[in-house]
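This briefing looks at charged side chains and their partners. The sequence and structure come first, and the points follow by topic.

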Amino acid sequence: MAGLFICALTIRYAFADAPVQIVKDPLGSATDTVMKDQLLDELLRVSRMRTSEEVAVFDRTVQALSGQGFSRRELGVLFSMFADDTPHHEVMYGLLHLIEQSCDKGVIAALIESALDMQGVAPEWLETFICRVLNHDPARDVLIASLRDMPSMEGAAEVISVVGGLKENASDRIRANASMVVSALM
C-alpha cells in the first residue's frame, strides 16, 4: 500500500478502484487546510488523466474533497482543470459537482475570473457551467449581480459573450434564462 504523509495526516490509496482513506489528527482546521491543499495539488498533478491510474486517483481525490468549502483561489484551481479534449467526461462531471456543492457567490466570482482561461481550453465546459447557473434561480441572480457590480472583472466579457450566444442557440429554457440575464445587464 502506498502512503502519502502530510503533517500528522495520512492519505492512503490501497487499490486503483478503492476510495481514498483519510486519517486525521487532532490538530483540527490547520491540518484540514494542509490536507485540502495537498489534495488540490494531487488533483492538479493527475488532471490530464493520461493513464487509468491517474483517472482513478483523480476520481478518488475529487471524492475525498467532497463536502469541503473552497476559497475563490481554490475554486480557480478547480476550474483550471477543465479541458474539452479530455476523454473522461464522466470523471470531469464529478469535478463539476464538487464545485457546485459550494454554490455561493464565491463560485460565481471564481467562474467569471476563470472564464478567460476556460474559453481557451474548455469552452464547452464553460458553457456547461453557465447553462447550469442559468437554470438555477439563486445562482442566476448572483451571476446578474456579479456581472452588474463588476463589469470590468476579468472574464466578465467572456461570460456575457457565452450568455449572449446561448440566447440565440440553446434549449427554450436556456434561451429564456439567457435573455433574462442579458436584459438585466442592459
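At 42% relative accessibility, D137 is partly exposed. The model is a predicted one. D137 is paired with R140 in a salt bridge, and the count of salt bridges in the model comes to ten. Several of them are described below, together with one further arginine.

**The pair in helix α7**

- The closest N and O atoms of R140 and D137 are 2.5 Å apart.
- Both residues belong to helix α7, which covers residues 137-149.
- R140 and D137 are three residues apart there, so about one helical turn separates them.
- R140 has a relative accessibility of 5% and is buried, because buried means under 20%.
- D137, at 42%, falls between the cut-offs of 20% and 50% and is therefore partly exposed.

- E100 and R132 form a salt bridge, with 2.4 Å between the closest N and O atoms.
- E100 is partly exposed, at 27% relative accessibility.
- R132 is also partly exposed, at 31%.

**The pair E53 and R60**

- A salt bridge links E53 with R60, and their closest N and O atoms are 3.9 Å apart.
- This distance meets the rule for a salt bridge because the cut-off is within 4 Å.
- E53 is partly exposed, with a relative accessible area of 40%.
- R60 is buried, at 3% relative accessibility.

- R45 is located in helix α1, which runs over residues 29-45.
- Is R45 buried or exposed? R45 has a relative accessibility of 51% and counts as exposed, because exposed means over 50%.
- The side chains of R45 and E42 make a polar contact at 2.9 Å.
- R45 and M81 are 36 residues apart in sequence, and their C-alpha atoms are 9.9 Å apart in space.

Definitions and conventions
Residues numbered from 1 in each chain as written. Predicted model: local features only at pLDDT ≥ 70, side-chain atom pairs only at ≥ 80, totals over all residues. Heavy atoms only, no water. Salt bridge = Lys/Arg side-chain N within 4 Å of Asp/Glu carboxyl O. Buried < 20%, exposed > 50% of the residue type's maximum accessible area, 1.4 Å probe, protein only. Helix = DSSP H or I, 4+ residues; strand = E, 2+ residues; numbered from the N terminus. Polar contact = N/O pair within 3.5 Å; in protein donor to acceptor, adjacent residues only side chain to side chain.
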